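Let's walk through this structure together, starting with its overall layout and ending with a few individual residues. Keep the view open as you read.

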Amino acid sequence: MAHLPLEGIRVIDMTVVWAGPLATKMMGELGAEVIRVESKDHFPSSTRGFVAYLSKEMAASMGGIGGAYPNHDPGPDAFNRSAVFNVHAINKRSCTMELDQPEGQEAFERLVRISDVLVENNAVRVGEKLGLTWEHLQAINPRLILVRMPPLGMHGPYAHAVGFGAHFEALSGVTYIRGYDNADPSKTTETFHMDDCSAHGVLFAVLAALHDREETGEGMFIEFPQAENMMQQMGEAFLDYSMNGRVAQPHGNKHPYYVQGCYPCKGEDAWIVLTLEDDAQWQAFVAFAGTPQWAQDPRFATAYLRRQHQESLDPLIASVTQQHDKVALFYALQEAGIAAGPVYDEADAYADPHFAERGFFKPMTHPETGTHLYPSHLSQWSGLSMRWESPAPLLGEHNTYVYKQLLGYSDQGYDQLLERNLIGTAYPNS
Amino acid sequence: MSQVLSNVRVLELTDSIAGPFAGKLFADFGADVLKIESPQGDPARRYGPFPHDIPNPEASGLFLHLNRNKRGLTLNLQHESGRELFLQLVPSADIILESFPPGQMERWGLGFETLRAMKPSIVVGSLTPFGQYGPYAPFRGNDIVYYATGGPMNATGAADLTPIKKTLNMVEAQAGNAFAGQVLAAFLVGRYQGEGQHVDVAAVETQLGSIDRRMTLELAYQFTGERSGRSSPLGAALPMGVYPCADGYVQIVTTPAWAPRMLATLNDAELTHYFQENPEGALIDPQTISRVEEVLYPWLMSHTKLECFEEADLKHGWPVFPLSTVEDVMHDPHFQALGTFIQIDHPVAGLQTYVGAPWRQSRKGFEVRRPAPLLGQHNAEIYGNELGFSSEALASLRALDVI
């Protein structure tokens with residue numbers, strides 16, 4: 001009977017916010033023991049929530065992701081209860097280490113010695129200050145695979161720029177072309193696509209490095225410049241500039257070659273997207289709409305002409321879609337061979353029978369937030385089930401396990417660290 | 001030069017964008033990716049951009065980017081001889097990437113169990129819009145459908161406009177990006193435990209499990225019962241979003257922790273005083289945003305997008321970033337210094353500028369070994385030299401439209 005590919009692999013997780021944490025989440029699902037090494041002295045904003053402690057009022061006023069606590073109640077230890085953290089910390093363990101203290105460095109070095117992978121996505125300077133350099137760590141454990149994820153690389157004039165995925169998307173050329181084709185760029189709200197790209201790229205890079213290590217016995221350093229990795233997904237825009245000097249412009253929901261759009265459905269803020277790629281799909285749509293005269297209209301005779309006259313066609317399509325419920329229309333159009341999909345919010349996704357049958361949302365019970373359905377794995381395998389074992393760890397929840405069992409600290413040594421406030425389970429200012 | 005995946009062979013049966021994006025990752029890091037196209041060629045050959053806008057299936061920019069470093073074969077799987085030929089390639093392969101409708105490989109006699117019987121360690125990665133099973137398994141999908149039904153499209157764009165997709169084919173590419181990682185993980189089981197796997201990836205689920213807000217908003221909904229909408233997901237009294245400046249636009253995000261950096265940048269005594277008077281309250285008071293914008297707009301309009309970035313972010317650590325165009329990016333001094341863009345020569349498309357390495361490694365990293373293949377470029381090399389077909393046999397396969 002086979003086992004998960006990363007069983008027996010220990011990952012030190014020093015990641016923050018979203019990009020790094022999803023990469024290590026996937027490693028945990030694949031069987032790795034993922035140990036978050038966290039500082040209890042320095043709260044990393046946007047990781048275990050935006051702030052460590054906050055009032056119920058502040059949580060309510062922040063709304064959205066900032067206020068994402070059970071029933072909007074951040075509780076006395078908000079940092080253990082934030083959806084921002086808990087969703088990606090499944091299967092992980094947490095210990096605290098103060099890397100700016102000699103005792104913290106000592107413990108850290110012991111952990112590096114017995115680990116296989118270290119992933120961090122802190123600012124370049126923070127990494128250097130904490131000793132997360134390849135030069136230093138390679139000397140401690142030459143089999144280590146070190147991943148650092150500076151958004152803009154380790155060098156160059158902007159290496160120390162500070163920002164979220166949304167910012168680097170802007171600098172990489174994504175945001176400018178991501179807007180509406182008929183409205184000002186300021187109508188464009190931020191996405192965090194880079195974070196998602198990075199997580200998958202880092203997983204791939206680490207798996208490839210582990211494969212290499214099986215054969216060579218050597219670890220390696222992976223410098224993961226998140227912006228450049230995301231720019232892989234814009235290849236055709238760069239080539240258009242190279243080939244034709246063309247500077248890509250915002251195209252909204254439109255496709256260059258055929259009719260594609262997002263159209264209103266019955267109900268408030270209800271939408272469906274659909275594409276009419278070829279004549280067969282166009283005729284299927286016209287048949288569904290019961291408007292044979294559209295098929296006779298010379299403006300709509302070919303995919304090219306339909307795209308050329310999309311401004312005239314869009315209102316006609318909308319006049320059909322708005323008569324229908326988005327999910328019923330989704331089924332009807334798919335039945336007719338048209339690629340279409342309802343615009344889902346979270347409630348829709350949880351209620352959907354397809355995702356339910358595939359078991360995409362899985363229950364997990366967290367000691368402070370209770371039992372909820374979480375998004376799970378991105379693949380299903382014929383012979384193995386991914387790990388779905390434990391909820392997001394409380395800060396420092398696994399200190400005893402890590403220090404005593406893994407690192408060999410005596411009871412006395414561990415108690416000393418506790419007494420001297422070098423490890424703990426809460427941030428300052430509580 | 002040896003690369004991390006040099007001893008891995010991938011048979012790429014997928015076409016268009018998502019599957020080939022996955023194959024590109026394997027190829028960029030050394031795997032021998034045999035791209036198997038139908039004799040008509042990958043549809044991405046028909047998408048542009050083309051040099052001088054002249055359509056040519058050998059010079060599609062999208063195809064050239066997604067298929068660099070691969071070797072190209074043609075093979076007609078509709079034809080029984082084509083399927084027989086494919087089976088001869090299986091023993092040499094570690095991974096097969098495919099994206100046919102669920103059940104198609106089985107109908108061709110190329111199902112996972114058949115392939116595994118030939119090669120027990122084989123990994124078959126199947127990437128489809130909605131997965132191998134479930135009520136929507138036969139449904140169609142593409143970039144905008146994945147983002148609408150799986151991703152946070154409902155929360156992307158302005159509340160008074162339609163939801164808006166991501167740009168270009170980035171969601172398709174992202175599905176391929178996720179697919180690559182999941183398949184490589186399964187390969188480790190195949191290679192080191194000898195047990196092959198069939199990997200089922202639903203493109204729409206790669207969005208549903210996406211860290212671009214979606215996962216977090218899903219758990220937030222479980223916690224609060226609130227659905228997300230088209231406003232800033234960060235929600236606050238501080239500047240968030242795209243703002244105009246002297247020569248274009250900038251992206252701003254201001255978390256409460258970054259408010260002091262914003263104040264240092266704007267350097268306005270009255271505004272600073274407003275925050276000092278009521279340190280916690282000012283961060284959440286809905287009045288705050290108009291107080292800040294009174295100072296912010298004049299500041300933005302007196303700076304170019306690059307000046308805003310330099311002054312706010314590089315100097316004070318308050319993230320205000322330029323909305324760069326593709327042209328800006330390709331001439332940006334930072335990306336020039338990093339060597340982000342590289343040139344690759346191609347027999348038909350000529351010398352063009354491509355985005356280079358996705359990441360850098362201390363050893364055995366990214367390399368360009370060859371440009372994207374011409375249609376069937378490596379037929380003789382693989383079918384002839386490797387499988388031992390005579391040139392007469394190849395000619396008759398060609399005559400039968402098998403290759």
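In chain B, the centres of domain 1 and domain 2, taken over C-alpha atoms, are separated by 43 Å. Domain 1 of chain B covers 9-212 + 337-399, and domain 2 covers 241-327; such bounds come from an automatic or database domain assignment. Chain A is likewise divided, into domain 1 (10-232 + 382-419) and domain 2 (259-351), with 42 Å between the two centres, taken over C-alpha atoms.

A word on how to read all this: the model is predicted, so local features need pLDDT of at least 70 and side-chain atom pairs count only at pLDDT 80 or more, while totals for chains, interfaces and linings use all residues. Residues are numbered from 1 along each chain as its sequence is written, chains are lettered from A and ligands numbered from 1 in the order in which they are written, and side-chain values use heavy atoms, with hydrogens and water left out.

Now look inside. A nonpolar core is a set of buried Ala, Val, Leu, Ile, Met, Phe, Trp, Tyr and Cys residues joined through side-chain atoms within 4.5 Å; buried means under 20% relative accessible area, exposed over 50%, and partly exposed in between (1.4 Å probe, protein chains only). The largest such core has 146 residues, and A:Met27, B:Leu5 and B:Phe26 touch the most other members. Helix 7 of chain B (residues 170-193) supplies the largest share of this core, 12 residues; helices (H or I, at least four residues) and strands (E, at least two) are DSSP runs, numbered from the N terminus. A second, separate core of 34 residues includes A:Cys197, A:Met230, A:Val247 and B:Val242.

Next, find helix 16 of chain A, residues 326-335, where A:Lys326, A:Leu329, A:Phe330, A:Leu333 and A:Gln334 are buried. Seen down the helix axis, these buried residues fall within an arc of 130° (from the directions of the C-beta atoms), so they line one face of the helix. They pack (contact means heavy atoms within 4.5 Å) against strand 8, helix 12, helix 15, strand 9 and helix 17 of chain A. At the start of helix 16, a side-chain oxygen of A:Asp325 reaches to within 3.0 Å of the backbone nitrogen of A:Val327. After the helix comes A:Gly337, with a positive phi near 85°.

Finally, the cysteines. With a disulfide taken as a pair of cysteine sulfur atoms within 2.5 Å, the count over all chains is 0. A:Cys262 is in no disulfide, and the nearest cysteine sulfur, that of A:Cys265, is 8.3 Å away. A:Cys262 counts as buried because its relative accessibility is 9%.

Note on methods. Polar contact = N/O pair within 3.5 Å; in protein donor to acceptor, adjacent residues only side chain to side chain.
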